[in-house]
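Subject: Structure handover

Hello,

Please find the structure below, sequence included.

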Amino acid sequence: MSPNFHLSLAPLLCLLFFSLLLSPRSYSTSLSNFDEDIPLSQPLLSPLPPPSYKNNTSCVTITSSGTKNGWKEDILQMAKREEAVTWVKEARRSIHENPELAYEEIKTSQLVRDRLDEIGVRYRYPLARTGVVATIGTGRPIVALRADMDALPVQELVEWKYKSKVEGKMHACGHDAHVAMLLGAARILKAREHLLKGTVKLLFQPAEEAGIGAKRMIEDGALEGVQAIFAAHVSSQEQSSIIGSRPGPLLAGCGFFKAVIQVAKPDSTKVGTILAASTVVISLQNLVSREADPLDSQVVSVGMINATDQHGLLPEEVVLGGTFRAFSNNSFYQLRRRIEEVIVAQSRVYGCEASVDFFEDESFYPPTVNDKLMYEHVKNVAVDLLGPENYNEAPPVMGSEDFTFYSQVLPSAFFYIGVRNETAGSVHQGHSPYFMIDEGVLPVGAAVHAAIAERYLAENKRAGS
């Protein structure tokens, strides 16, 4: 090869070398300036590995995985660290030992605030008497996560080290686990606060079982500025750590009614309170069998009838009560209207008058309906974080939840976290005195909560929310 050929290439090689050095394109490896639209899997000019990053709290050390999807490994690792698991389990066990009914969650609320103080999370208290709203991050968008705190009037029959210390009260629906998982999420989110593309609100809510605590939290401003909200419930129908949900109707609306049937004119010979009440019961059963779409699940049940105990006397008053459920708002409110119409009209036929109370300020829960986009977000995060084998589409069930009040005012999604584990004895339905959970799901639940919130902020920030 001619030496003149080598000489002729020298100026070109020099020009190429200096053009690379002076190129205006730059690369940042700082997570605090991380733009998620730039895939970090692209090769950098520097051959050095990505650096480690430490948060300035004492709780955790964050190590970047160096990829766009590094959030998955980081969040799961933080949730499953030994000290984090112990921290969450201790919170759950303390709450389980000291169950408190609706609007009585004094110790539970104090534990929540103590744990938030410990990790440096600011909060507002009280809302709805005993509720707490914690805030992590700044700016918009704002997303909320919710956990309920109240227990049930159930005597625990499970013999274990952390059995309820309060006679006749028990966390028989897993709300102790809900609070612990949300505290675990708070710990993760606080450590990753510098990565959040907005604000996360954590709602610790009283009185889900009775008292419509969600409604009171909304009235006290818990959702101020919030654009979407998510919540979970443990489920013994799903194997441990399986996430389940579905788009559209997930939980039925649930209402109660109490009717008082009285003689319209005490001196009338046309007196028939017993006959009127009997006809009312039969007619109420016909509302579903004769009026409802057979493909639209509905229930009307009369569970109580009370009259005089004096034989041979016609009572001047009969009291009856029951419940009704439906999966769509239209069906739910249609049932409510028809129940009242039937009771009043049938009573009038037998010379009686009736009044009906639906307890709408105490125990009246419309259906819980998942927003399609929010459901897709939960599903995508769960599949990304845990793998497709750990996600199931759940069937609709006739249970009810006061989370519905949040879903009526905001895009929302409700999902299940499986706790079924035969070895741990976690096989019984909620509200059973034998109800148990597999505590191994607590770190998983914390990670899922944190990931749902963090990814919602990142995706909606990019979308310009």
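Start with helix α7 (residues 273-291) and helix α8 (residues 329-349). Their axes come within 9 Å and cross at roughly 145°. The crossing of α7 past α8 is right-handed. From α7, the residues in the contact are Ala276, Thr279, Val280, Ser283, Leu284, Leu287 and Glu291. They meet Leu335, Arg338, Ile339, Val342, Ile343, Gln346 and Ser347 of α8. By class, that contact has eight nonpolar, four polar and two charged residues. An α-helix has 3.6 residues a turn, so residues three or four places apart point the same way.

Bear in mind that this is a predicted model. Everything here is computed from it or, where I say so, taken from a record.

The axes of α4 and α5 come within 10 Å and cross at roughly 15°. Angles under 35 degrees count as roughly parallel, so α4 runs roughly parallel to α5. This crossing, too, is right-handed. On the α4 side, Leu111, Val112, Arg115 and Leu116 make the contact. On the α5 side, Val179, Leu183 and Ala186 do. Six of these residues are nonpolar, none is polar and one is charged.

Next, helix α2 (residues 70-80). How many of its 11 residues are buried? Eight are, so α2 is largely enclosed by the rest of the structure. The buried ones are Gly70, Trp71, Lys72, Asp74, Ile75, Leu76, Met78 and Ala79. Note that Lys72 and Asp74 are on that list.

Now the annotated position. UniProt lists Cys173 under "binding site", and the entry is unreviewed. Cys173 sits in the loop between β3 (142-148) and α5 (175-191). Is Cys173 buried or exposed? Its relative accessibility is 12%. The cut-off for buried is under 20%, so Cys173 counts as buried. Which residues does Cys173 contact, beyond its neighbours within four places in sequence? They are Leu152, His178, Glu209, His233, Val234, His431 and Phe435.

Two peptide bonds deserve a look. The bond from Tyr125 to Pro126 is cis, with omega near 0°. Pro126 belongs to strand β1 (residues 122-127). Arg140 and Pro141 are also joined by a cis peptide bond, with omega about 0°. Pro141 is in the loop between β2 (131-137) and β3.

Then the backbone at two alanines. Ala128 has a positive phi of about 50°, although it is not a glycine. Ala128 lies in the loop between β1 and β2. With a relative accessible area of 5%, Ala128 is buried. Ala207 also has a positive phi, of about 55°, and is not a glycine either. Its place is the loop between β4 (199-205) and α6 (213-219). Ala207 is buried as well, at a relative accessible area of 0%.

Val369 lies in strand β13 (residues 368-370). What is the exposure of Val369? Val369 is partly exposed, with a relative accessible area of 30%. Val369 and Leu250 are 119 residues apart along the chain, yet their C-alpha atoms are separated by 5.8 Å. Leaving out residues up to four places away in sequence, Val369 touches Gly248, Pro249, Ser407 and Ser412.

Last, the whole chain. The protein chain has 11 helices and 15 strands. Of its 465 residues, 51% count as buried. Take the contacts between residues at least 6 apart in sequence: 79% of them join residues at least 24 apart.

Best wishes

Definitions and conventions. Residues numbered from 1 in each chain as written. Predicted model: local features only at pLDDT ≥ 70, side-chain atom pairs only at ≥ 80, totals over all residues. Heavy atoms only, no water. UniProt positions renumbered as here; feature names shortened; annotations may be inferred. Helix = DSSP H or I, 4+ residues; strand = E, 2+ residues; numbered from the N terminus. Buried < 20%, exposed > 50% of the residue type's maximum accessible area, 1.4 Å probe, protein only. Contact = heavy atoms within 4.5 Å. Axes fitted to C-alpha atoms, helices over the stretch in contact; angles between N-to-C directions. Parallel < 35°, antiparallel > 145°, perpendicular 65-115°, else oblique. Left-handed = near helix turned anticlockwise from the far one by under 90°. Nonpolar A, V, L, I, M, F, W, Y, C, P; charged D, E, K, R; others polar.
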